[in-house]
Amino acid sequence: MAKLYDQAYFKDKIIPITDAKLSIASSAVLYGLSVYTVFPVSIIKAGAMAFRLPDHYRRLVNSARIIGIDTFEPNWTYEKFLKIVEEVVKANNLTENVFVRATIHVDELVPGTRSRGLSTALSIFIYEATPIVPQDGMRLKTSVWRRIPDYAIPSRAKVNGAYVNSVLAKQDALDSGYDDCIFLDTHGHVCELSAANIFIVSRGVLITPDTSSDLLEGINRQTILEFAHDLNIPFQTRTIDLTELYTAEEIFACGTSSFISHVKEVDARIIGDGKIGPITKTLREKHEKTLNGTSTTYQNHLTLLS
Ligand code: PMP
């Protein structure tokens, strides 16, 4: 279990995380009716730096909007959100890099299966930045479970309840001795991993599924596309067939909790020579530098938490 930091934000207060309690009768508990985001905070010389915080705030608000949770956005500007993030980070006297999870919970009691006009509570807590997949080459298995389509539960909304889909697929992969899964959509096209986006390199071109492929629009995915653009690496966002993975020169996953991690095997096929490929390596180094503030180009992606 990841180490949890003691001080959390919940219902207008910074309190010990063990005191932050949601009712068993709330929609958040009954239906998984909460939306969330997780962002990294790096501790560097200049201070605590949050990565792409405005984008995380926007995705959180958009997730609520998609689901029809409408009492959060009018009360929470980005500035107010930033102030609370700063307070939680300060309250925990951080000395190492962490992940911060911010969740909007529908905490109304037994309102039935609806979303509008219900009370919401924001929670923010901090935990250690341990990667969720191996960083030295992971093995993936195509899942027996398909990704929930946009017309059922939209993947671009980060809804707690929808993560049962990820749990099924990840557990199936673990049960079969793999590190994580490849989710396919209802047509058999590649979507993503259980909690990370996927990129392949095929004939020198970097390719990732487009945003209509039932995936979470990852903030690191977007960052990798920016890097590719700036580094003149040819790239495409398009539908990917499963068998394209089997012949790819490189495959990697990206996400806050996965960082940039290369894939060495898919469904018992070794990818390239099984080692990290040159494009993945370049992008991974750039990503690391961006997060730890040593890249001069992408300073605008970091928010100093005073
Ligand atoms: N897909 C899913 C299903 C995820 O849960 C995550 C992690 N948030 C990602 C992709 C990657 O998103 P991000 O780069 O914003 O962390």
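Predicted model: local features only at pLDDT ≥ 70, side-chain atom pairs only at ≥ 80, totals over all residues.
Residues are numbered from 1 along each chain as its sequence is written. Local features need pLDDT of at least 70 and side-chain atom pairs count only at pLDDT 80 or more, while totals for chains, interfaces and linings use all residues; side-chain values use heavy atoms, with hydrogens and water left out.

The structure holds ten aromatic pairs. Rings of Phe, Tyr and Trp (its six-membered ring) pair if their centres lie within 6.5 Å; planes under 30 degrees apart count as stacked, over 60 as edge-to-face and the rest as tilted.

Select Tyr-57 and Tyr-78. Their ring centres are 5.6 Å apart and the planes stand at 65 degrees, so this pair is edge-to-face. Tyr-57 belongs to helix 2 (residues 53-67) and Tyr-78 to helix 3 (residues 78-91), so the pair links distant parts of the chain, 21 residues apart. Helices (H or I, at least four residues) and strands (E, at least two) are DSSP runs, numbered from the N terminus.

Next, select Phe-99 and Tyr-127. With centres 5.7 Å apart and planes at 65 degrees, the rings are edge-to-face. Phe-99 is in strand 5 (residues 98-106) and Tyr-127 in strand 6 (residues 120-128), 28 residues apart. Both Phe-99 and Tyr-127 are buried.

Last, the charges. Arg-101 lies over the face of Tyr-36, 3.6 Å from the ring centre. The charged end of Arg-139 sits over the ring of Tyr-178, at 4.5 Å from its centre. A charge sits over a ring if NZ of Lys or CZ of Arg is within 6 Å of the ring centre and within 35 degrees of the ring normal.

Methods:
Buried < 20%, exposed > 50% of the residue type's maximum accessible area, 1.4 Å probe, protein only.
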